[in-house]
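Me: I am new to this structure. Please show me how to read its features, one at a time.

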Amino acid sequence: MSHPSPPPQHFDAYAEDYDAALQQGLRVTGEGKEYYAQGRVDFLRQVLPSSALPVRSILDFGCGVGSATPYLLRAFSPQLIEGVDVSPKSIEVATRQHGSDRVRFRLLGDSPSGEFDLAFVNGVFHHIPPADRDQALGWIFRALRPGGYFAFWENNPWNPGTRFIMSRCPFDDDAIPLSPLESRRRVRVAGFTVMRTDFLFIFPKVLGWLRWMERPLSRLPLGGQYQVLCRKPG
């Protein structure tokens, strides 16, 4: 399989200082990457059907430097997390910072054998050329066991704040955002069943006292990111 993403050197250049580059964009929200990483995984844990638990194995597609790893470990206590990426330098940093007997990282290559209970993807597909997105979704589909779940997180281009933040992130200079409509259509074409679409992260820190409203408003296209929760037919 060819790599359905930018050349590896695109993110190799940011592997050692990824957090600083990301914070350059997030600074306007008043929050760091930890707030958003925790929020995504907590929300996924809340909306995942009880029948999906326990989650024994997780695929982190486009894992970068492994930022989601500690949050996924705490939320699901899986036996295995496997992160895949096209950037050798990012895999090196992820392995150094998060690798263990339960967590491994490798370069994206041939499809695995359908072993994963849950696939997690955050902010990856806007870096993948539109012509390659179906191929990448097919890779994820084959990686999941029948009945496995797919948490597809993307930046919401309908939110002007999101577009502003992306314009400030150095590694988003190649980004081609996906609307929620495109994401839902593409995952269906790949063979997934769409269960729900939710929008999160409406209010910046300065309006933190309003965040209690975010969960009730999560079905409206207001948040800075959205999740399409899908399932591979069983």
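Reply: We can begin with one residue. Asp60 lies in strand 1 (residues 57-61); helices (H or I, at least four residues) and strands (E, at least two) are DSSP runs, numbered from the N terminus. The model is predicted, so to speak of local features pLDDT of at least 70 is needed and side-chain atom pairs count only at pLDDT 80 or more, while totals for chains, interfaces and linings use all residues. Residues are numbered from 1 along each chain as its sequence is written, and side-chain values use heavy atoms, with hydrogens and water left out.

Me: Which side chain of opposite charge is nearest to Asp60?

Reply: First, the terms. Lys and Arg count as positive and Asp and Glu as negative, with His and the chain ends not counted. A salt bridge is a side-chain nitrogen of Lys or Arg within 4 Å of a carboxyl oxygen of Asp or Glu. Buried means under 20% relative accessible area, exposed over 50%, and partly exposed in between (1.4 Å probe, protein chains only). Here Asp60 is buried and has no salt bridge; the nearest side chain of opposite charge is Arg40, 9.2 Å away.

Me: What does Asp60 touch?

Reply: Contact means heavy atoms within 4.5 Å. Not counting residues up to four places away in sequence, Asp60 touches Ala68, Glu82, Gly83, Val84 and Phe120.

Me: How many bridges join strand 1 to strand 4?

Reply: Two strands pair if DSSP finds at least two bridges between them. Strand 1 and strand 4 run parallel and are joined by three bridges, and Leu59 has Ala119 as its bridge partner in strand 4. Six of the seven residues of strand 4 (residues 116-122) are buried.

Me: Is Arg186 buried or exposed?

Reply: Arg186, found in helix 8 (residues 180-189), counts as buried because its relative accessible area is 10%. Its contacts, leaving aside neighbours within four places in sequence, are Pro130, Arg133, Asp134 and Leu137. Arg186 and Asp134 are 52 residues apart in sequence and 6.6 Å apart in space, C-alpha to C-alpha.
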